[in-house]
Amino acid sequence: MTTHNKNACYLAVLAALSQSAWAQTDEQTTTPEYGFEKIEVTAQRKSESIQDAALPIDAITQNELSRDGVSNVMGLSKVSPSLSVVSGGGSNAVYFVRGVGNFAVNAYTDPALAFNVDGIYIGRPSATTASFLDLERVEVLKGPQGTLYGRNATAGAINIIPQKPVLDEYSASLSLAVGNYGTLETSAAVNFPIADNWAARVAGATLSNDGYNDDGTASTDDAALRAQIFGEISDDLTVRVSVDYSTTQGTGSAPTYLGTYGFPFAGVSDNPNNIPGYNFNPAPENVSAPFTGPYTDAARDYFATLSTTPGFTSTTPQRPSYIDNEYIGVTGEINLTTALGDLVILPAYREADIDLVFVSPGFQAAENNEHHEQFSLESRFSFTAGNTDWIFGAYYFDETVSGALSFNQYSLQSTQTIEASESTSTALFARATYHLNDDLRLVGGIRWSDDEKSMDGVANVFLNVCIREMEVYPGGPVIPNCDGAPVIPAGLTIEETLAQIDPSDLPAGAPGIGTGPVPFGQLPLFPGAPDNLRANLLFINPTTVQRTRNESEVTYRIAAEYDAAKDSLLYASVETGYRSGGFTLSTGKEEFEPEFLNAYTLGSKNLFLNGVLKLNAELFYWDYEDQQASHLGLDANGNSALVTENIGESSIKGAELDIWYAASADLTVRGTMQYLNNKIEQYSYQQLTPDPDVRVVTGCAQELVETTENGGIWDVDCSGKEGRNSPKLSGNLGVDYHFELGDWIGTYSLDARYRGDRWIGFDYLPVQRAEAVTTVDTALQFETMDGDWQVMAYARNVTNEGIQSITQTIGLVDNVISTVYEPPRTVGIRVSYNYF
């Protein structure tokens with residue numbers, strides 16, 4: 001069937017959904033009191049019912065967030081089948097929408113999804129992990145948002161909407177929740193007048209637990225505080241200022257070891273996880289079991305048996321992981337109504353200090369010490385002229401990131417210093433909605449973006465190399481290695497690393513520690529090593545990037561909206577988006593180009609039976625080009641580096657169905673189902689291995705194309721694979737039952753979530769294929785008739801499924817494979833009090 005015929009069929013299906021609504025007249029004699037409660041959203045820069053918003057969007061209220069246990073961004077995967085949020089290491093959150101995203105994020109790469117808090121775009125993903133605080137709702141926009149949101153909204157956008165101050169109102173709320181794993185959640189908010197036409201709102205929250213893993217990792221200790229003032233200067237002018245402060249602490253997510261990929265000559269097996277050139281050697285069960293972690297005695301003993309490449313030294317204990325981040329922000333909002341239209345001005349300033357260590361998936365330590373600073377200013381002017389609604393806007397964004405990062409892999413360490421990674425973005429945008437008649441509208445939007453980026457940074461790569469007497473191993477070749485030699489100590493800088501080495505092990509005349517710049521070159525190291533180790537050398541190889549790039553892009557949206565009946569909407573749209581290019585600290589691949597996504601959508605939103613039944617449907621096709629991907633590898637000089645490059649194209653298509661049905665005043669059924677076909681049309685890159693006989697650890701096709709003094713260059717081709725985090729089927733199904741018990745109103749909720757098989761790692765290794773899983777959450781809530789008191793008991797992941805979130809490998813530590821799990825079964829009780 002041709003694409004034209006397919007689209008015609010899709011349109012016919014959507015039209016049929018709305019056609020049945022025509023039987024309803026606008027004049028109904030009876031309206032059930034238990035009909036669908038329309039949620040107001042502002043995703044299109046105006047307030048409208050979610051059922052009137054002609055775009056793919058999910059909206060989750062504060063009550064739903066509490067019921068589902070969503071207290072930070074990692075929980076948003078539970079409420080939208082299109083969205084996957086996984087840990088990218090430390091405090092970094094990684095977002096995928098229908099498979100569009102990137103596993104690696106850092107100080108100089110951008111996310112594919114625009115994360116906005118209180119209308120302000122947050123440039124760094126690490127600044128999104130603080131506890132959700134005093135929220136009104138969360139909006140998840142699916143697909144590129146190239147006109148109203150701009151760059152880095154290739155996959156979509158998440159809008160976190162806090163509660164705002166209310167004039168002439170005294171109100172307060174308190175909440176306390178306790179649960180297993182030492183979970184303690186507290187929150188409080190108070191709203192009060194401070195003068196005529198002025199009000200304030202202050203809210204605070206804490207979230208802590210002892211860690212889900214047996215070794216105490218995956219622990220959380222977060223706190224957040226927000227203070228707002230709001231003033232109605234006149235009937236036409238309002239002003240709001242918000243100041244927030246938050247901290248994120250704890251151990252962060254930590255991996256569980258699954259096993260290693262060893263060379264076939266180590267022993268051939270029939271494990272289904274084997275790949276050409278490597279056998280998968282599973283870790284002992286007491287190490288690989290879900291929710292164990294890397295610091296149990298069994299895990300430490302197992303890790304100590306592994307060797308590191310290219311030095312083939314033994315591993316040493318990994319550094320304890322921790323997070324100690326601090327965020328502060330100031331946001332302003334000015335709303336002015338004039339005779340010509342409405343003006344909104346949003347200035348904002350944010351800072352973040354990042355201090356963390358993580359070990360996933362095989363680091364001795366990965367350290368980040370960064371300072372993020374951003375300023376933004378957005379202004380929008382909206383008005384109606386004749387039959388057309390207009391929005392004109394301008395946007396300015398300036399961000400600077402500085403700091404030090406270090407990734408120690410025993411025989412290798414990449415020590416990075418970023419003097420400044422700067423991004424400046426300027427945009428002008430316009431959107432028009434033309435009303436052909438009362439039922440039919442045409443929408444057009446355009447955005448011009450100009451992005452300028454600069455990088456001033458250096459990556460100094462430590463390499464431990466040995467020269468020793470050859471030893472012949474039974475059944476194997478002659479192999480030189482560094483067995484018995486010390487490993488490179490983990491340090492955030494060159495000076496900190498060398499300071500951990502005994503000065504007597506450094507050659508005479510070596511640079512003094514902390515006395516000035518350390519010259520690059522070759523230093524003999526550890527002369528007192530084993531007898532057959534004739535020389536142990538430490539190379540420090542620099543990669544310096546001092547570059548500036550500028551790019552301008554135009555993105556657009558074209559759409560049609562048709563009210564088929566009073567509560568039935570049909571829409572079709574074409575929208576484009578892009579993620580900006582940038583830099584990497586790797587020789588030969590210092591820059592990468594933007595990626596682009598074109599999205600075609602047909603949708604229908606309907607309320608039937610006087611609001612008793614909601615039935616929304618969406619068909620989509622996304623064309624994803626110049627796809628950016630970040631992965632660990634070796635650069636042109638053979639140094640370990642995190643490389644970001646444009647390597648892929650994908651076609652993404654599917655359908656989503658959203659149903660809500662009130663069977664009676666007491667019983668509600670809700671569900672969302674998504675079918676997704678994400679196929680990688682082209683996805684290839686080159687990987688350097690230390691030796692031409694050593695293959696890349698990947699499940700994709702590979703071919704040796706060149707032999708160099710640094711090893712072998714392989715073409716890796718993943719074309720034809722399914723996109724990552726793209727299950728064919730996924731969905732949520734929930735039931736709410738309401739009842740009365742004396743002076744209390746009870747609600748029992750049961751929620752099931754299904755995700756099909758999916759790839760959860762970059763390398764397409766068999767072990768990175770997560771099996772289909774169904775999880776079940778349940779909650780029982782009682783509320784007084786006046787709404788003052790609520791008590792809720794909950795159980796999440798009732799069947800205690802071990803759900804793999806991300807599975808990774810670092811080839812430099814025996815190709816160890818580790819995985820991070822979503823939380824296990826959690827139970828608890830929450831008590832809340834509201835004062836009005």
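This report covers the disulfide and salt bridges of a predicted model.

## Basis

Local features need pLDDT of at least 70 and side-chain atom pairs count only at pLDDT 80 or more, while totals for chains, interfaces and linings use all residues. Residues are numbered from 1 along each chain as its sequence is written, and side-chain values use heavy atoms, without hydrogens or water.

## Disulfide

The whole structure holds one disulfide (a pair of cysteine sulfur atoms within 2.5 Å). Cys-700 and Cys-718 form the bond, S to S 2.0 Å. Cys-700 lies in the loop between β32 (667-689) and β33 (701-708), and Cys-718 in the loop between β34 (711-717) and β35 (729-741), so the bond ties together parts 18 residues apart in sequence. Strands are DSSP runs (E, at least two residues), numbered from the N terminus.

The S-S torsion is about 100°, so the disulfide is right-handed. Cys-700 is buried at 6% relative accessible area, and Cys-718 is buried at 0%. Buried means under 20%, exposed over 50%, partly exposed in between (1.4 Å probe, protein chains only).

## Salt bridges

The count is 38 salt bridges (a side-chain nitrogen of Lys or Arg within 4 Å of a carboxyl oxygen of Asp or Glu). One of them pairs Asp-134 with Arg-201, closest N and O atoms 2.7 Å apart. Asp-134 sits in the loop between β8 (120-121) and β9 (135-142), and Arg-201 in strand β13 (residues 198-209), so this pair ties together parts 67 residues apart in sequence. Both Asp-134 and Arg-201 are buried.

Arg-441 bridges to Asp-563 at 2.9 Å between the closest N and O atoms. Arg-441 is buried at 11% relative accessibility; Asp-563 is partly exposed at 22%.

Note on methods: Helices (H or I, at least four residues) and strands (E, at least two) are DSSP runs, numbered from the N terminus.
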